[in-house]
Amino acid sequence: MAPSAGHLRPGRYLAFFALIVIVLYALVFFTGGGKPAPKLGIDLQGGTRVTLTARTPDGSQPNRDQLNQARQIIETRVNGIGVAGAEVLLDGSNVVITVPGEQGDQAKTLGQTAKLGFRKVITSQPNAPVTAPTGKPSTPPSGSASTPPSSGASAPPPASGRPSSPPASGGGGAAGAPAQTPSAPPAPPSGAQKQPTPIEQAQAVRQNADLASTDQAKAQAAQQAALASLTCAPNVKDPLEGNDDSAKPLVACGDKDATKYVLGPEFLPGTDISTASSGYDQTRGQWTVDMTFKSSGSKIWGDFTSANVGSQAAFVLDTQVVSAPTIQSAILGGNTQITGQFTQSDAKNLADILKYGSLPLSFSSSDATTVSATLGLASLEAGLIAGAIGLIVVFVYCLFYYRLLGILTIFSLVLSGLLVYAVLILLGRWIGYTLDLAGIAGLIIAIGITADSFVIYFERLKDEIREGRTFRSAVGRGWVRARRTILASDAVSFLAAAILYVIAVGDVQGFAFTLGMSTVLDLVVVYLVTHPLVSLFSTSKSAFLSNPRHLGLGAVQQLGSQRKAARPSVGRSNVKEA
């Protein structure tokens, strides 16, 4: 037997709902700090979205483990440089970085953090100076590497009293050789059916095994040809970027200047770096970079520095030399300090590259989209207007069709909106959730789902009254039957949203998340607000509130009364005896 409205205690349900709202908004206003507003995605507040496409040396499809490892490293780098609200996702073989706000320039450079390795500098050659905006040549990315001074002891300064940058030419065998006219790179043989690609041409010249040959004449000829083929200038794409062979020598450009370097094979991968940080050395009065190797890398680094004191070691990132410090002494134990004419920014950037720069894959930036704050604001206004129009249409329909019950529907929708708003703010603080246009679309559709629950309940009330029951008795019976349909409907909506969230990425996930969340909160409002308030109406002593005509139920009550009157009386009938 269905419980009557009188057996329900609406006050308890409403008090519990009020407690939920109070707790949520107490968390909003008194925890976390910041303004009480949801975090917005780049399409609402402006920002940058960068898509990085993974590349492998042989052109094959990267495996999932490599992609996941690359995503984690990029995400760590994003967090390490303090980009707030950023998101790093996998989309097939692409890594998508989303950075809300005005920090997009940093996101566009994250794809450069690819393959990091250490190579010995065989020789170097200054190129034509790259003029800075002030008209002065840029400072070469050089310095010196040594064991950091122990606590309480000052490090001995160089003979000049200041750390000096290494000379343009390193200590390699070709440094003091007389200059010769560089020979042009060899032309492809005539009649060849397939012309070599730019990558293959660069590999043949700039990664020629003769570059590190013990035959000085052969090495010098190969070095001159490779140096002549290389142009070091800003914004010039290197065909070897992401396609170099770490086991072969390499001719590369400096990251911040026009110096050309002839490098030996990679002797230590960047994955052997444990950590790196920048700091200000009070003793030397300069910014330094401290680097620590893992156990395996510590031994390799110690052996190399012991055998190459006075030589340069190049830190190579995607075929670019980001730093080439001179080894001052053997560095054992894995703790290394890099000194040079660093600014604070230079030191931090180098530390970030050393710490986060080594990825299992190389990436190219296939797409970089920046949304201005003005366009984001226009999108937000458009989304809010669309939501307001949807609410107004639902309100008008409910008032016209259900009257007082329509007002109850509007009140329930407002309370549902308060819950959704508080939850969005807290999710933004706790898990970094950002609301975007797709999420607003999910919220707008959820308005219809929530209103649909009310319609199911109210139409079930009409069915019960149409059968001849009073409004009070119809509330209990109608709720028992309506809640099954409401639960089934919301369960289907939530299941669809959950599946969509699992299999989708990016904006579609935002749509599915808000749709599923609003569906759950719909059940909370229907159970704790809508049904208790309808029960209060049915038991109210006010003739206005309990009158079915004022609730949009007058017509069905009249039809129910007619059906009840037309039914045959149940009881003992009078039979006239013959």
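**Figure 1. Salt bridges in the model.** Eight salt bridges are found in this structure; a salt bridge here is a side-chain nitrogen of Lys or Arg within 4 Å of a carboxyl oxygen of Asp or Glu. The model is predicted, so local features need pLDDT of at least 70 and side-chain atom pairs count only at pLDDT 80 or more, while totals for chains, interfaces and linings use all residues. Residues are numbered from 1 along each chain as its sequence is written, and side-chain values use heavy atoms, with hydrogens and water left out.

**Figure 2. Asp-303 and Lys-299 form a salt bridge.** Their side chains meet at 3.1 Å, N to O. The two residues are about one helical turn apart because they sit four residues from each other in helix H7 (residues 295-307); helices are DSSP runs of H or I, at least four residues, numbered from the N terminus. Lys-299 is exposed at 58% relative accessibility, whereas Asp-303, at 44%, is partly exposed. Buried means under 20% relative accessible area, exposed over 50%, and partly exposed in between (1.4 Å probe, protein chains only).

**Figure 3. Arg-460 pairs with Asp-463 and with Glu-464.** The N to O distance is 3.7 Å to Asp-463 and 3.2 Å to Glu-464. Glu-464 is buried, with a relative accessible area of 1%. Salt bridges that share partners link Arg-460, Asp-463, Glu-464, Arg-466 and Arg-481 into one network.

**Figure 4. Thr-514 is a buried residue in helix H13.** Helix H13 covers residues 507-539, and Thr-514 has 0% relative accessibility. Among the residues that Thr-514 touches are Tyr-433 and Leu-443 (contact means heavy atoms within 4.5 Å).

Note on methods
Lists of a residue's contacts leave out its neighbours within four places in sequence.
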